[in-house]
Amino acid sequence: MTSATSADPHDVPPSGLPALTFHNPLSEERAARIVARLAAARPASVLDVGCGWAELLRLLEAVPSAHGTGIDLRGEDLARAGRQARDRGLDGRVRLYEESARGTGRGPADVVLCGGSGQALADPEAPDYLPRLFAELRRLVNPGGRVLLGEGFFTRTPGAGELARLWPGATAGDHPSLGALVDAVVAGGFRPLWTETASASEREEFESGYRAAGEEWLALHPDHPEAAALRTRLDGQRAIWLDGHLGLLGIAWLTLVPVGRVG
Ligand SMILES: C[S@@+](CC[C@H](N)C(=O)[O-])C[C@H]1O[C@@H](n2cnc3c(N)ncnc32)[C@H](O)[C@@H]1O
């Protein structure tokens with residue numbers, strides 16, 4: 001084991017999130033159930049908006065005739081998605097685009113994946129965020145298709161003291177309740193085929209994994225010139241989690257069917 005407690009200008013903080021498989025609170029077990037549910041609809045096309053590492057395009061393994069498209073703003077994340085597709089032998093069936101998904105013309109598709117990436121389709125700051133998000137999802141999914149949406153919700157209405165411990169500028173309107181979120185699904189022209197929420201364990205895996213590589217590096221490089229900024233960032237993120245949204249912010253995984261006759 002090596003230790004580096006003095007500054008080493010060639011050893012920079014880690015980039016990416018190597019401890020995570022999904023860029024979301026999502027276990028392998030839940031992902032397998034979701035993939036099986038989506039595969040049962042026999043999609044020919046899958047569109048992953050705000051795909052990041054496009055890990056859920058593993059759906060193509062379960063549907064060998066299907067093709068997938070991933071869209072994300074971050075080239076670094078798409079590079080990881082491309083490596084993963086190659087390792088799975090899917091690269092011939094996956095196309096990845098480094099661009100915004102806002103107003104995208106790359107649909108419609110039989111399955112639309114939007115895991116924690118509603119901001120890729122609509123402005124979360126806008127008062128009509130959810131209606132706009134569901135209008136976009138309706139536009140992008142084929143009749144008889146499926147949408148997988150991962151979206152945040154508040155487990156209770158946060159008071160002023162709780163809001164002060166969340167992200168800067170947090171308001172009680174930043175997320176709906178779970179009931180209001182699913183009501184918006186229905187108002188947006190979908191039926192909720194499956195409603196589930198990330199468990200405490202999935203959230204802990206995600207929050208810990210999000211910072212694990214940085215924490216390990218920081219422990220070994222406490223005097224590095226970049227350590228102070230990283231320490232401030234990690235300590236701030238941890239406080240927002242443990243003193244702020246723990247038990248307050250949930251993640252819903254919603255499998256949705258667009259309403260309307262097929263054919
Ligand atoms: C929380 S990550 C989720 C990634 C992926 N869906 C998953 O489940 O692992 C949100 C992603 O949305 C992407 N994103 C944000 N705004 C976007 C936009 N306008 N167009 C495309 N992607 C966007 C981010 O770059 C990021 O990769």
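Me: Leaving aside its neighbours within four places in sequence, with which residues is Gly247 in contact?
Reply: In this predicted model, Gly247 belongs to the loop between helix H8 (227-245) and strand E7 (249-258). Once neighbours within four places in sequence are set aside, the residues in contact with Gly247 are Thr155 and Arg156.

Me: What distance separates the C-alpha atoms of Gly247 and Arg156?
Reply: Arg156 is one of the two residues listed as contacts of Gly247, Thr155 being the other. Along the chain, Gly247 and Arg156 are 91 residues apart, while their C-alpha atoms are separated by 9.1 Å.

Me: Is Thr69 buried or exposed?
Reply: Thr69 is found in strand E2, which covers residues 67-72, and, not counting residues up to four places away in sequence, it touches Val46, Leu47, Asp48, Arg95, Tyr97 and Arg106. Its relative accessible area is 18%, and the limit for a buried residue is under 20%. Thr69 is therefore buried.

Me: Which residues come nearest to the ligand, of the 18 around it?
Reply: The shell around the ligand divides into four nonpolar, nine polar and five charged residues. Of the 18 residues around the ligand, those that come nearest are Asn24, Gly50, Asp72, Ala101 and Gly115.

Me: How much of the area that the ligand exposes when taken alone does the protein bury?
Reply: A side-chain N or O atom of Asp72 is 2.6 Å from an oxygen atom of the ligand. On the backbone, an N or O atom of Ala101 lies 2.9 Å from a ligand nitrogen atom, and a backbone N or O atom of Gly115 likewise lies 2.9 Å from a nitrogen atom of the ligand. Taken alone, the ligand exposes 590 Å², and the share of this that the protein buries is 86%.

Me: Within what arc do the buried residues of H6 fall, seen down the axis?
Reply: Helix H6 spans residues 178-187, and its buried residues include Leu181, Val182, Ala184 and Val185. Seen down the axis of H6, the buried residues line one face of the helix, because they fall within an arc of 150°.

Me: Against which helix and which strands do the buried residues of H6 pack?
Reply: The face of H6 turned away from the buried side carries the exposed residues Asp183 and Ala187. Just after H6 comes Gly189, which takes a positive phi of about 95°. As for the buried residues of H6, they pack against helix H4 (129-140), strand E5 (141-154), strand E6 (190-197) and E7.

Me: At what relative accessibility does Leu140 count as buried?
Reply: Leu140 has its place in helix H4. Beyond its neighbours within four places in sequence, Leu140 is in contact with Leu47, Val49, Thr104, Gly107, Pro108, Ala109, Val112 and Leu121. Leu140 counts as buried because its relative accessibility is 0%.

Me: What is the omega of the peptide bond from Gly107 to Pro108?
Reply: Gly107 and Pro108 are both among the contacts of Leu140. Pro108 has its place in the loop between strand E3 (94-98) and strand E4 (109-115). The peptide bond leading from Gly107 to Pro108 is cis, with omega near -5°.

Me: What is the phi of Arg42, a residue other than glycine?
Reply: Arg42 is found in the loop between helix H1 (28-39) and strand E1 (45-49), and with a relative accessible area of 55% it is exposed. Although Arg42 is a residue other than glycine, its phi is positive, near 50°.

Me: Is Ala54, at 7% relative accessibility, buried or exposed?
Reply: Ala54 has its place in the loop between E1 and helix H2 (59-62). Although Ala54 is not a glycine, its phi is positive, at about 55°. With a relative accessibility of 7%, Ala54 counts as buried.

Me: Which side chain is joined to that of Arg30 by a polar contact of 2.6 Å?
Reply: Arg30 is found in helix H1 and is buried, with a relative accessible area of 9%. Not counting residues up to four places away in sequence, Arg30 touches Glu196, Thr197, Ala198, Ser199, Glu202 and Trp253. The side chain that a polar contact of 2.6 Å joins to that of Arg30 is the side chain of Glu202.

Notes: Residues numbered from 1 in each chain as written. Predicted model: local features only at pLDDT ≥ 70, side-chain atom pairs only at ≥ 80, totals over all residues. Heavy atoms only, no water. Helix = DSSP H or I, 4+ residues; strand = E, 2+ residues; numbered from the N terminus. Buried < 20%, exposed > 50% of the residue type's maximum accessible area, 1.4 Å probe, protein only. Contact = heavy atoms within 4.5 Å. Near = heavy atom within 4 Å. Polar contact = N/O pair within 3.5 Å; in protein donor to acceptor, adjacent residues only side chain to side chain. Areas by Shrake-Rupley, 256 points an atom, 1.4 Å probe, with all protein chains shown as cover. Nonpolar A, V, L, I, M, F, W, Y, C, P; charged D, E, K, R; others polar. Arc of directions from axis to C-beta.
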